[in-house]
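Student: I am new to this one. Can we go through it step by step?

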Amino acid sequence: MITDHAALPSPKLPWKNWSGNLIHNPPNDGADYYAYPTTKADLQSVLSRAVKTGVPVRVSGQRHSQPPLVAADNRSAWPNTKLTTFLIDMSCYRDIYPDGIMLGPGPNQVTVNPGVREDNVDTFLTANNLMFKTATAGGFFSIGGMTAVDVHGATVAQPIFAETASAFTIMGPDGTETTIDADSPAENGWHPLQFVRVSLGGLGIVTRITLDVAPRPCATSLKGATRRFLAADKSSFVAALKPMLSGPTKSDRMEVFYTPYAAKVGINNFLALTWDEVANPTPRTPNQPVGSASPCALADKGDFGAPFMTGLAEWGVQYVRASQLYNDPYNVFEFPPVPTSGFVAIGLDDIEKQAKAANAKFSDLWLAEASQVMFMSYFVELPDLADVGLGMVWDGLNAAGSIVAQNGPFHLAAPMEFRFIRGGDSAMSGTYTTTPGATFVNLDLIGFIEAVPSASYPAPLLKYFADVERIWVAMGGFPHNGKMYGFYDPAGAAGSFTGAFNPAFIADLAKRRGERLQAYAAYRKSVDPNGVFLNPYLASLIGA
C-alpha cells in the first residue's frame with residue numbers, strides 16, 4: 001500500500017511542465033482530465049475511463065520534457081478549452097512495494113515502477129553496493145521519463161539511459177500488460193526493444209522497467225574530481241581532451257562545461273567534472289546512501305522535478321536573464337554591474353562547488369538546484385575520439401561560442417555543456433547508429449526564460465538558437481527528444497527563425513529519420529491501432 005500519499009493537488013488545477021513553456025489548463029466544463037492511480041487495479045480503472053473520453057491518453061512524470069509530448073500549451077484557448085488530453089500521473093503508482101524498487105530478476109539488475117525518481121533508485125543501489133551504468137547530473141527525473149526519451153549520462157563507454165533498460169512491462173489500451181525484453185520476437189528486422197526504449201509515450205503505459213546496473217563495492221570505488229583548463233583554439237582543445245578520453249589518464253565518466261568568453265582574456269574556459277571507477281581503492285569506505293524524497297510525497301505538495309534556486313540567487317535570476325540581451329558581453333557599465341561573461345563565470349563556479357559537495361558524499365548526482373531555463377540539446381556522431389572527432393566537437397562549440405563572444409543582440413548567460421555517449425539502436429533516439437561502437441557528443445545550450453510559450457521568447461534569443469541549430473543539423477546532428485529544437489523552417493530564408501517545434505522542421509526531421517521512424521510508427525500502430533496514446537505532437541513527429 002502507499003504510505004506517503006496524502007491529498008494530491010486537485011485534478012482541476014492546470015498542468016505545467018518544469019520550464020513553464022507548457023501550461024495545460026483543465027477543461028472549463030468540469031470534465032476530469034487528470035488522475036493519480038496508485039495500484040494496478042486503479043490504473044486499469046483510470047485507463048478504462050480515459051479511453052472512453054475519446055481523447056489522447058498521455059502519461060506525466062516529473063515534467064521536465066520541454067516538447068508537447070505530454071500535453072500541449074492551451075493558454076491561448078482558455079477559458080473555452082474542451083477536453084483534449086487525459087493525463088495520468090504515475091508519481092504514486094506502485095505494484096512493487098513499498099517503494100517501487102526491487103533487486104532482480106537477475107544479478108546486477110533492479111526493477112522499478114516508472115514514477116520512481118533517479119535519486120530514489122540511486123539511494124537503493126548505493127545501499128546494495130550497486131550503481132547506475134550511466135547517470136544524469138541531478139537525479140530528479142522519473143525513470144519512466146528517462147526511458148521514454150533519450151536522456152543521456154556522463155559515462156563515455158555507455159549508451160543513453162534508456163538503453164541500460166533490458167525489460168519493460170507496458171499496459172495497453174485495453175488494460176492488459178505485455179513484457180518486452182530480449183526474448184520478445186523480432187519482426188521485419190526490428191526488435192520491440194528498439195521501439196520501447198525511447199517510446200515517446202506512444203506504445204502504452206509503462207508499469208515496470210528493469211535496469212541493468214553495475215557493481216559498486218564501496219563508496220571509494222567511484223572517484224570524483226574537477227579540473228579547469230584553457231583551450232583557446234582547436235589544436236589546444238584536441239590536445240587537452242585526448243588524454244582525458246584514452247590511455248592511462250582517461251576518465252570513465254565526464255561532463256565538460258565551456259564559456260566562450262574566458263579565453264579572450266586568457267582565463268581557463270573549460271571545467272571538466274570527472275568520475276573514475278577504481279578497482280582496488282584505498283581506503284575502502286563503505287557505501288553511504290544519501291537519501292531521497294518520495295515522488296509521491298512531493299506530488300502531494302505539487303513539487304515536481306529539479307528544485308528551483310531560492311533566496312538571493314532566485315532574486316538575481318531576473319538580472320541574469322536580462323543580461324542575455326546586453327549588446328556587449330564584457331560591458332561592466334550596464335545595470336546590473338555584472339557583464340554576461342561574468343554571470344557565466346559565476347555559473348562555472350557554482351557548478352564546481354556543487355560537484356565538489358557531491359564528491360564529498362561519494363555521489364555523482366551533483367546538481368542540487370537550478371533556475372528556470374530552456375535547453376537545446378543535439379547528438380552528433382563522431383568518427384573517432386581523436387583528432388578528427390574532437391575537432392568536430394570544437395567546431396560545434398565554436399559555432400555557438402564565436403557568435404556570443406562578439407558584440408551583438410544575444411549572449412549566453414550560462415555555460416555550454418558537452419558529454420560523450422556510446423551510440424545505440426533505439427529507433428527514435430538521437431544516438432541511433434548502424435556503426436558498432438560509435439561515439440556521439442551531446443552539445444547543450446541553455447537560455448534563461450520566463451514561463452511563457454517559446455514563441456514569446458525574445459527575438460534575439462530565438463534567432464541565436466536557430467542560427468546555432470542550423471550548424472548542428474548540418475553536422476549531422478539529431479535533437480534530444482526531451483529538449484527544445486526546431487527554431488526555423490529548413491526551407492525558410494537564411495537567418496529566419498520561429499518559436500520551437502516549427503512544423504516544417506518537424507516534417508523535415510521525420511524525413512531525416514527515414515526507415516527507423518517508419519518502423520517505429522508501424523510498430524506503434526500495431527500495439528495501439530486506435531491511437532489511444534497518440535497525441536497531435538507525436539503524430540507530427542512520426543508523420544501519422
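Predicted model: local features only at pLDDT ≥ 70, side-chain atom pairs only at ≥ 80, totals over all residues.

Student: Which kind of pair do Phe 257 and Trp 366 form?
Tutor: A pair of aromatic rings is described by the distance of the centres and the angle of the planes. For Phe 257 and Trp 366, the centres are 5.9 Å apart and the planes stand at 85°. That makes the pair edge-to-face.

Student: Why does the pair of Phe 257 and Trp 366 tie together parts apart in sequence?
Tutor: Helices (H or I, at least four residues) and strands (E, at least two) are DSSP runs, numbered from the N terminus. Phe 257 lies in strand S13 (residues 253-258), and Trp 366 in the loop between helix H8 (340-360) and strand S15 (373-382). So the pair joins parts whose separation in sequence is 109 residues.

Student: Is Trp 366 buried or exposed?
Tutor: Buried means under 20% relative accessible area, exposed over 50%, partly exposed in between (1.4 Å probe, protein chains only). Trp 366 has a relative accessible area of 5%. Trp 366 is therefore buried.

Student: Which residue lies over the face of Tyr 488?
Tutor: A charge sits over a ring if NZ of Lys or CZ of Arg is within 6 Å of the ring centre and within 35 degrees of the ring normal. Tyr 488 itself is buried, at 6% relative accessibility. At 4.4 Å from its ring centre lies Arg 470.

Student: Which ring has the charged end of Lys 483 over it?
Tutor: The charged end is 4.3 Å from the ring centre. The ring belongs to Phe 375.

Student: In what order do the 3 strands of the open sheet lie?
Tutor: Two strands pair if DSSP finds at least two bridges between them. S4 and S5 run parallel, joined by 4 bridges. Strand S3 (34-35) and S4 are the edge strands, each pairing on one side only. The order is S3-S5-S4.

Student: Which residues of strand S7 (residues 109-112) point the other way from Gln 109 and Thr 111?
Tutor: In a regular strand the side chains alternate between the two faces of the sheet. Gln 109 and Thr 111 point one way, and all four named residues of S7 are buried. Pointing the other way are Val 110 and Val 112.

Student: What is the bridge partner of Val 110 in S11?
Tutor: S7 and strand S11 (residues 205-215) pair in the antiparallel sense over 4 bridges. In S11, the partner of Val 110 is Leu 211.

Student: What does helix H12 (residues 515-527) reach from its first C-alpha to its last?
Tutor: The expected span of a helix is 1.5 Å times one less than its number of residues. H12 has 13 residues, with 18 Å expected. Its reach is close to that, at 19 Å.

Technical notes. Residues numbered from 1 in each chain as written. Heavy atoms only, no water. Phe/Tyr/Trp six-rings, centres within 6.5 Å; stacked < 30°, edge-to-face > 60°.
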